[in-house]
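Reader: I would like to go through this model with some questions. Please keep the answers plain.

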Amino acid sequence: MKAPPFAYRRASSVADACALLDAHGGSARILAGGQSLIPSLNLRLSQPELLIDISQLAELRGIRVSATEMIIGALTRHADIERSAEVRARFPALADAARQIAHPAIRNRGTIGGSIALADPAAEWPAAALAFDMRFTAVSTQGERSIAATEFFKGLYETALLPGEVLRSIHVPLPAAAQRAAFGELTRRSGDYAIAGAFVTASVTGGWLGGTRAAFFGVATRPLLAARAMRALDGSAGDAAAVAAARAHLEADLDPIADLYNSRATKLHLAGVLLARLVARLAAPGG
Amino acid sequence: MNQLINVTLKVNGTEVSRPVEPRTHLIDFLRNELALTGSHAGCEHGVCGACTVLVDGEIVRGCLTLACQLDGADVVTVEGLTESGAIADLQTAFHLRNALQCGYCTPGMLVAATAILGQQPPATREEIREHLSGNYCRCTGYEAIVDAIEETAKARAAGRALAQEGA
Amino acid sequence: MNAPVPGLAPTTYIGQDTPRANARRLLAGRGQYVDDLRLPRELHAAFVRSPHAHARITRLDLSPARKSRGVFWCGTGADVARAVSPWVATLTHFKGMKSAPQYAVAVDRATWQGEAVAVIVAQTRAQAEDAAQLVEVEYEPLPAVTDMETALDAATPVIHPDLGDNLAFTRGVDTGGVADVFAAAHLVVEDTFRFGRHTGVCLEPRAITADYNPSENQLTVYLANQAPHMMRDIFAKHLDIPEANVRVIARDVGGSFGIKVHVYPDEMAIVGVAKLLGRPIRYSADRLESMSTDIHAREHRVRAKMGVDRDGRITAIEIDDLTGIGPYSVYPRTSAVEGNQVVNLTGAAYDFRHYVANLRVVFQNKTPTCQYRAVGHPIAMAVAEGLVDHAAQKLGIDPAEFRRRNLIADDNYPYTSASGMKFEALSHHACLDKLLALMDYPALRAEQKALRARGIHRGIGLAALIEVTNPSAAFYGVGGARISSQDGCTLRLEPTGWVTAQTGVTEQGQGTEAMIAQVVASAVGIPVEHVRVITGDTDTGPYGGGTWASRGAGIGGEAALLAGRELKANILALAGVILNRDAAGLDLRRAQIVDAATGEPVLPLAEAARIGQYRPDTLPREFQPQLSVTRQFGQRDWPFVFTNGIQASYVEVDPDTGFVKLLKHWMVEDCGTIINPLLVDEQLRGGIAQGIGAALWEEVLYDADGNLKNGTLADYLVPMAAEMPDMVLGHVETPTRSSELGAKGAGEAGTAGAPGAVMNAINDALLPFNARVTEMPFTPERLLRALGKIA
C-alpha cells in the first residue's frame with residue numbers, strides 16, 4: 001500500500017501556495033496536516049501530480065480573539081484547540097469536540113482548516129461551523145473573500161472553495177451571554193467516525209430556547225442544519241413535546257443515508273436520540 | 001515524477017540527510033533508509049498506531065507523515081527512547097507485567113504512552129485506555145498494557161513528588 | 001566443627017510467574033519480523049488482484065507493466081504454475097469432502113475479490129505497485145455465489161462445475177430417538193443464531209521472503225508462520241525440491257491466531273517466483289490485501305433447539321449448521337474443520353444423551369475461510385449457551401442454577417458426550433463455583449435489579465466452555481495431511497553448564513520460549529536464566545507440528561520435560577563418574593550437583609560440564625558423557641485433551657441507542673498444570689478480547705455481488721483499549737494424565753466462550769423489553785430492531 005508518485009513543493013507563504021495552485025490547476029492538492037490526504041494517497045484513492053505543503057506556514061496557525069469573534073488559523077491543529085484555554089472558556093463544546101476527533105497522534109497533526117476544506121460529512125468541524133454560524137476566509141491570487149459556513153458545504157467532499165483558493169482562517173462569532181451549546185456524537189469505538197453527531201446551540205432565556213441551531217454530521221452527504229427541527233424548538237422550553245415535534249422533522253431535514261453498519265432508519269433514530277439528549281442538556285438549569 | 005527531495009533531520013539525536021521520494025512516508029523512511037525497524041507499518045492508513053513515533057516531541061502517525069515534510073525536524077523512535085534510557089521504567093513494567101505478546105504493536109504503544117506518563121496527577125485507567133484508543137493490539141486484550149502504563153505513571157508522579165519534597 | 005552447609009532444596013519453575021526473556025528484545029524495538037530482514041539483491045513483489053468476486057479473465061496484458069520504472073519481472077498464473085503445482089485441500093477422514101485444484105495465481109478465472117491474477121517484481125514495493133496499476137486485465141464477470149443459504153439451490157451456479165455442486169462437505173450425527181425425546185420434553189426452546197464472517201487481523205500482516213539458490217537447489221523461506229515443518233513439506237512438494245533442501249525460518253511473528261498456519265496462494269507464488277528468478281523475493285500483504293486474502297472464518301447460520309424436562313434438565317439438542325467457506329477449501333488443513341467442530345462441541349459441556357446435528361459446508365465467491373483461533377468453539381458455545389439461557393429464562397430458573405443442574409458432574413469422568421467426544425477429566429462445577437464467588441454473583445444480581453428500577457439496564461451472561469487441546473494425530477494425520485502431531489525438544493549442555501533448548505513448537509508471543517525454558521530449567525535443575533531456547537528454524541532442532549490447537553505447552557512442554565529429565569540423568573551419570581560416587585545418590589539443584597539426601601553441593605554443574613566437554617581424557621575409557629539429548633512426545637491417550645472453563649460478562653445496554661457497554665468480564669479456566677500463570681492469564685485475556693470482537697464489532701461485509709465492503713481498519717472494527725473491560729481470572733487445575741507434565745492448552749478458551757457470554761449478558765439486559773438478539777455482531781442496529789425502535 002504505497003502512494004503513487006507525486007511531486008512536492010513546500011510553500012513559502014500563503015501567497016506562494018496560491019501561486020502554485022494557479023500554476024498547476026486541478027492537478028495539485030494542498031497538504032495541510034495530511035491526516036486525511038495521506039491515507040487517501042497510500043490507498044491510491046487520490047493521485048495528484050503535486051502536493052503543495054503549507055503545513056509549515058506559521059501565519060496560518062493560532063487562535064486569536066477580537067471584540068466580536070474568535071479567529072482560528074486554518075492550520076491550527078485539533079490538539080491546539082483541545083488544549084486552548086481560550087476555546088475551553090468561550091466554546092466548551094468545541095473543546096469537547098476536539099477531544100473526540102480520532103486519536104491523540106492524529107490530533108497532533110490534523111488541522112481544523114484541513115477538516116473544513118475536505119468537508120468530510122462525518123467530521124466534527126464542518127457541523128460545528130454550521131451550528132456556531134462560523135465564516136471562513138479564503139485567499140487566492142485574486143484576493144480574499146469571506147464565506148459563510150452555511151454557504152460552504154455543497155455536497156460530498158464538495159465545498160464553495162474555488163480552484164486556486166486556500167482556506168486561511170475560521171471565524172467564530174463570540175457567543176452572547178445567554179448562548180448555550182451542546183455537542184455529542186454516537187461512536188461505537190472511541191475515535192471512530194460517528195454514526196450520528198450534532199452540535200446544538202441556542203440562547204436560553206428564562207428557560208426558553210431561541211435562535212436554536214442544530215447541526216448534524218455523519219448522517220448525510222454533508223453536514224446539515226436541521227432547519228425545521230430548529231424552528232420547532234424555538235420558543236419552547238426544550239421539553240419532551242417540543243423535542244418530539246423537532247424529532248418528527250429530522251427525516252425531512254436530514255434525509256439520512258445508510259453507512260456500512262447502519263441503515264437510514266437507524267441513522268434517523270439515533271439522530272433523534274442525540275437531538276433529545278443535547279436539547280435536554282441545553283435546557284437543563286445551569287446547562 | 002522522479003523528484004527527490006533532500007531532507008536533513010535529527011533522528012534519535014543524530015543528524016541524517018537523505019534524498020527521498022515525496023511519496024515516502026516517515027515509517028518507510030525510518031525502516032528502509034535508516035534500518036530503524038523497531039517501528040512498524042501495520043495498516044498504512046493511520047488506524048493501528050504501530051508506526052507511532054515522536055516528531056518534535058509529539059506523538060504522530062509515521063504512516064501519515066511524509067519524510068519530505070520533516071526537514072529540520074527532530075524524530076525519536078523506540079530505538080532512541082531505549083538507548084537514552086528515557087523509558088526504561090516503562091519497558092520494565094511492560095516486561096514484568098507481560099504487557100506484550102507478539103511485540104508488533106509494542107514500540108508504538110511505548111511511544112504513545114510517553115505522551116501521558118508526565119501527567120500530574122497520574123493518568124487514570126480510563127484516561128490511559130482513551131489515550132491508547134488509536135493503538136491496536138490483537139494479543140493482550142490491553143489490560144496488561146494499561147496496568148503497566150498506570151503503574152509507571154504512578155511511580156513517576158510519586159518520584160516527582162518525592163523530589164519536590166526533598167528540594 | 002563447622003556449621004553444616006545449608007542444603008539446596010529441589011526447586012521448580014512450574015507454576016511460577018516468569019517474565020519472558022525474549023520480551024526484552026521486543027520492548028527495545030529489536031524484534032526480527034520477516035519484513036525487518038534485508039537480503040542482498042532482494043526484489044519486491046506486488047500482486048494484481050481481481051476486483052470481481054467471480055470472473056473469467058479474457059485478456060491479461062503485462063506489457064505496460066513491464067515498461068514501468070524499476071520492474072524486473074511480471075508473470076501470470078500460467079507463468080507461476082511453471083514453478084508451483086496446484087493443490088486440492090481435502091482430508092480423507094472427512095468422508096465425501098471435495099474441493100477443486102487451486103493455483104498460486106489464478107489461471108483463466110478469479111473466484112473471489114482479491115484473488116491474485118498477476119504478480120509484479122520490482123526494485124521497490126512502490127514501483128511494483130505502480131506497475132501493477134498498469135496491467136491491463138479484461139474480465140467477463142460471472143455470477144457470484146455469495147449467500148450460503150441459496151448456495152445449494154438448483155438455480156445457483158456451480159462454482160466448480162467438475163464438482164457437481166457447491167457442497168464441500170456434509171456430516172450428520174443422530175444418536176437416535178431424538179424426535180421422541182423432543183416430543184416428550186416439558187419445554188423446547190428454539191433459536192436461529194447467525195455469526196458474522198470475520199478474520200484474524202494480525203497486526204503484522206502476512207510476510208515472506210523467499211531465497212532460492214539454483215547452484216545448490218536450495219530454498220530458504222523466511223515466513224511469518226506457526227508451522228515451519230508443515231510449510232517445508234509443502235514447499236518441497238509443490239516446487240519439486242527435495243525436502244532436505246528446503247529451510248523455513250520463522251523468527252518473530254507478529255501475531256498469528258491460526259491465520260499464519262495455512263497455505264496462501266500468494267505466498268506460494270512468491271516462493272515460485274524466487275525459484276524462477278533465482279533472486280530473493282520479498283512480499284508483505286498490505287492491510288487491504290490482508291483483509292481480502294487472509295483466511296476468514298465463522299460465517300455460520302445455526303438453527304438450534306433444546307428440549308428440557310420439568311426439573312430443568314436438558315434432554316436433547318438439535319442443530320442445523322450451514323457455513324460458507326469461499327471458493328476453495330484451504331490447504332492443507334481444509335475448511336471443513338470449523339463446521340465439524342461445531343457438530344462435535346455443541347452442548348458438550350452438558351450431560352445429555354440425545355443429539356442430532358446436521359452440517360453443510362458450502363462454496364461461495366468470497367475469501368476462503370479456515371481455522372482461526374478457537375475453531376468452531378465460539379459458535380458451538382454460543383449456540384448451546386444461548387439455548388441454555390433461553391430455557392432457564394422460560395422456566396424461571398436462575399441461569400447459574402440451570403447450569404449447575406446440567407453441567408457434567410465433576411466426578412462423572414471419563415465421559416463421552418452425545419456427540420462422541422471423550423473427556424478425560426473436566427471440572428465444570430468447580431469452575432462454576434469459583435466464578436460465582438469471584439463475581440459475587442448474588443450481589444451483582446441485586447445491583448442489577450436495583451439499577452433496573454432506576455432505568456439502567458445491565459445484564460449478566462454466563463457461558464460454560466470446553467476447548468480442544470493437545471490433539472493427537474486424530475486431527476490431521478489420520479486424514480492424510482502431513483502435519484505432525486508430535487513435537488520434540490533437543491537439549492545441549494554447554495560447557496558453561498547452561499543449556500540450549502531447541503523445540504519444534506514455535507513462538508508468536510504466547511511465551512513458548514519462556515514456557516520451554518521453565519520446564520527445562522525445572523527438569524534439569526538449573527536457573528531459568530541458564531536456558532536459551534531456539535525456535536522456528538527447520539534446519540535446527542527436532543521435527544514437530546508447531547504451534548496451533550493449543551498444543552505448545554501440552555505437547556512441546558512435555559517433550560521438553562522428558563528431554564530435561566534425560567539430560568539431568570546423563571549429567572548425574574557424568575558427575576557420578578567424576579566423583580566416583582553412585583549417581584543415584586546425586587541430584588542437580590540450582591546448577592549444583594548435590595548429595596540427594598542432604599542437598600549439600602558436591603560439584604558445580606559448570607565444572608561437570610567443563611570436564612565432560614574438554615577433559616573426557618580424565619574419565620574412564622568406557623564412559624562417554626551424553627550431553628545432548630532429544631525427546632519427542634505425541635499425545636496418544638485421547639483424540640484431544642479437553643479443557644473446560646466458564647466466563648461471565650457484565651454489560652450495560654442503552655435501550656435508546658442500542659449501544660452496549662462492557663463493564664467487566666470474568667473467567668475461570670482449567671488448563672491442567674499451569675506452567676506460567678502470567679502467560680496463561682495473558683492468553684485468556686487476549687482470547688477473551690478476540691471473542692468480544694466477534695460479539696460486538698467484527699464482521700467482514702460483502703454486497704450481493706461479492707464485493708468486500710469494509711476492507712480497511714477504519715471500516716472493519718476490531719476491539720480497542722477504550723472499550724475493553726477489565727477481566728478477572730481464576731483457575732482450577734486438573735492435570736491430564738496423558739502426560740507427566742499434566743499441562744493442557746489455554747490459548748483458545750477465552751475466544752471460545754466470550755461471544756456466548758456477551759450475547760447472554762445483552763439478552764439478560766434486554767429481558768424487561770421482551771427483546772432477544774442472536775445475530776453477531778450485536779450492532780446498535782440489531783439491538784434497536786430487537787427493541788422495536790426501528791423497523
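This is a predicted model: local features need pLDDT of at least 70, side-chain atom pairs count only at pLDDT 80 or more; totals for chains, interfaces and linings use all residues.

Author: Chain A carries 30 positive and 25 negative charges, and their mean positions are 4 Å apart.

Reader: How far apart are the mean positions of the positive and negative charges of chain C?

Author: Chain C has 76 positive and 90 negative charges.

Reader: How many helices and strands does chain A have, and what is its radius of gyration?

Author: Chain A has 12 helices and 14 strands. For its 287 residues the globule rule gives 19 Å, and the chain comes close to that, so chain A is as compact as a globular protein of that length. Its radius of gyration is 19 Å.

Reader: What share of the residues in chain A is buried?

Author: The C-alpha trace of chain A spans about 60 × 45 × 30 Å along its principal axes. The chain exposes about 10,500 Å², with 52% of that supplied by carbon and sulfur atoms. A residue counts as buried when its relative accessible area is under 20%. Of the 287 residues in chain A, the buried share is 59%.

Reader: Which residue with a positive phi follows α8 of chain A?

Author: The phi in question is near 55 degrees. The residue that has this phi is A:Asp133.

Reader: Is A:Ser55 buried or exposed?

Author: A:Ser55 sits in the loop between β3 (50-53) and β4 (63-65) of chain A. Its relative accessible area is 12%. The limit for a buried residue is under 20%, so A:Ser55 is buried.

Reader: Which side chain makes a polar contact with the side chain of A:Ser55?

Author: Leaving out residues up to four places away in sequence, A:Ser55 touches A:Leu31, A:Ala32, A:Arg61, A:Leu75 and B:Gln69. The polar contact of its side chain has a distance of 2.6 Å, and the partner is the side chain of A:Asp53.

Reader: What is the radius of gyration of chain C?

Author: Chain C has 19 helices and 30 strands. The globule rule gives 28 Å for 791 residues, and chain C is close to this value, so it is as compact as a globular protein of that length. The radius of gyration of chain C is 28 Å.

Reader: What percentage of the contacts in chain C with a separation of 6 or more joins residues 24 or more positions apart?

Author: The C-alpha trace of chain C spans about 90 × 75 × 50 Å along its principal axes. Buried residues make up 67% of its 791 residues. For the contacts asked about, the percentage is 80%.

Reader: Which backbone nitrogen lies 3.0 Å from a polar atom of the side chain of C:Asn644?

Author: C:Asn644 is in strand β28 (residues 641-654) of chain C. With a relative accessible area of 0%, C:Asn644 is buried. Its contacts beyond four places in sequence include C:Leu426, C:Ser427 and C:His428. The nitrogen at 3.0 Å belongs to C:Ser427.

Reader: How far apart are the C-alpha atoms of C:Pro157 and C:Pro143?

Author: C:Pro157 lies in the loop between β6 (136-141) and β7 (167-174) of chain C, and is partly exposed, with a relative accessible area of 34%. C:Pro143 is among the residues that C:Pro157 touches. The two prolines are 14 residues apart along the chain, and their C-alpha atoms are separated by 7.1 Å.

Reader: What is the omega of the cis peptide bond between C:Tyr331 and C:Pro332?

Author: C:Pro332 is in the loop between β16 (314-324) and α9 (337-345) of chain C. The omega of the cis bond that joins C:Tyr331 to C:Pro332 is about -10 degrees.

Reader: Is B:Ala35 buried or exposed?

Author: B:Ala35 is in the loop between α1 (26-33) and β3 (52-55) of chain B. Its phi is positive, near 55 degrees. A residue counts as exposed over 50%, and B:Ala35 has a relative accessibility of 56%, so B:Ala35 is exposed.

Notes
Residues are numbered from 1 along each chain as its sequence is written. Chains are lettered from A and ligands numbered from 1 in the order in which they are written. Side-chain values use heavy atoms; hydrogens and water are left out. Helices (H or I, at least four residues) and strands (E, at least two) are DSSP runs, numbered from the N terminus. Buried means under 20% relative accessible area, exposed over 50%, partly exposed in between (1.4 Å probe, protein chains only). Contact means heavy atoms within 4.5 Å. A polar contact is a pair of N or O atoms within 3.5 Å; within protein, one must be able to donate a hydrogen and the other to accept it, and residues adjacent in sequence count only if both atoms are side-chain atoms. The radius of gyration is taken over C-alpha atoms; the globule rule is 2.2 Å times the number of residues to the power 0.38. Lys and Arg count as positive and Asp and Glu as negative; His and the chain ends are not counted. The place of a charge is taken as NZ of Lys, CZ of Arg, CG of Asp or CD of Glu. Accessible areas come from the Shrake-Rupley method with a 1.4 Å probe; for residues, only the protein chains shown count as cover.
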